[in-house]
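Dear colleague,

I am handing over the structure below, and my notes on what was found in it follow.

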Amino acid sequence: MEKNEKVLFAELDAYIDGLPSKQGALISVLHKAQDIFGYLPKEVQSHVAQKLDIPASKVYGVLTFYSFFTMTQKGKHRVNVCMGTACFVRGADKILHKFERDLNLKANTTSEDGLWSLDALRCIGACGLAPIITVNGKSYGRLVEDDVTGIIETCLAEEGK
């Protein structure tokens, strides 16, 4: 294990050890682990299972049930397009296709340079803002296709490119 990984696991351990109870904490621990590591590889899943004293199969079951969690490394800029019913009927498919064209990237993939990830999610729970996306955790609601280019440009400007 690299020193950097040791630091990341120590941060996760501190979070778990600080919980008032480990019972029922799996989802919050997985959110924290994904925030720390960027994704949830097998090593992190096993570590969480051991720390919470639950079977690894339970951790895996939760990861594969909720579309928010990912077991593959994502890009620096994470674009999540909600494809839930409210978003879809208000044009989320057009927004997703515009991101695919502008980023030259298919949905649910990461660019080869590691700069972008584009994911289509079932629902992010903000139907009143449909269609909605999140980019690096920031929400953009009531979008139209023409908003996509500006969002991409904002991400690139924020990193100084």
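Helices (H or I, at least four residues) and strands (E, at least two) are DSSP runs, numbered from the N terminus. Please keep in mind that this is a predicted model, in which local features need pLDDT of at least 70 and side-chain atom pairs count only at pLDDT 80 or more, while totals for chains, interfaces and linings use all residues. Residues are numbered from 1 along each chain as its sequence is written, and side-chain values use heavy atoms, with hydrogens and water left out.

I begin with the loop between helix H3 (42-52) and H4, where Asp-53 is found. The phi of Asp-53 is near 55°, a positive value in a residue other than glycine, and at 71% relative accessibility Asp-53 counts as exposed (buried means under 20% relative accessible area, exposed over 50%, partly exposed in between, with a 1.4 Å probe and protein chains only). Asn-136, in the loop between S4 and S5, also has a positive phi, of about 55°, although it is not a glycine, and Asn-136 is partly exposed, with a relative accessible area of 40%. In the loop between S3 and S4 lies Pro-131, which is joined to Ala-130 by a cis peptide bond with omega of about -10°.

As for the sheet, five strands form an open sheet in the order S2-S3-S1-S4-S5, with mixed pairing (two strands pair if DSSP finds at least two bridges between them). Strand S2 (109-110) and strand S5 (138-140) stand at the edges with a single partner strand each, so one side of each is left without a neighbour in the sheet. S1 and S4 run antiparallel and are joined by three bridges, and Val-79 stands opposite Val-135 in S4. Asn-80, which is found in strand S1, counts as buried at 10% relative accessibility; leaving aside neighbours within four places in sequence, Asn-80 is in contact (heavy atoms within 4.5 Å) with Asp-119, Leu-121, Ile-132, Ile-133 and Thr-134.

Turning to helix H6 (residues 92-103), its buried residues are Ala-92, Ile-95, Leu-96, Lys-98, Phe-99, Glu-100 and Leu-103, and what covers them includes strand S1 (77-82), helix H5 (85-89), strand S3 (116-121), strand S4 (133-135) and helix H7 (147-158). Just after H6, Asn-104 takes a positive phi of about 50°.
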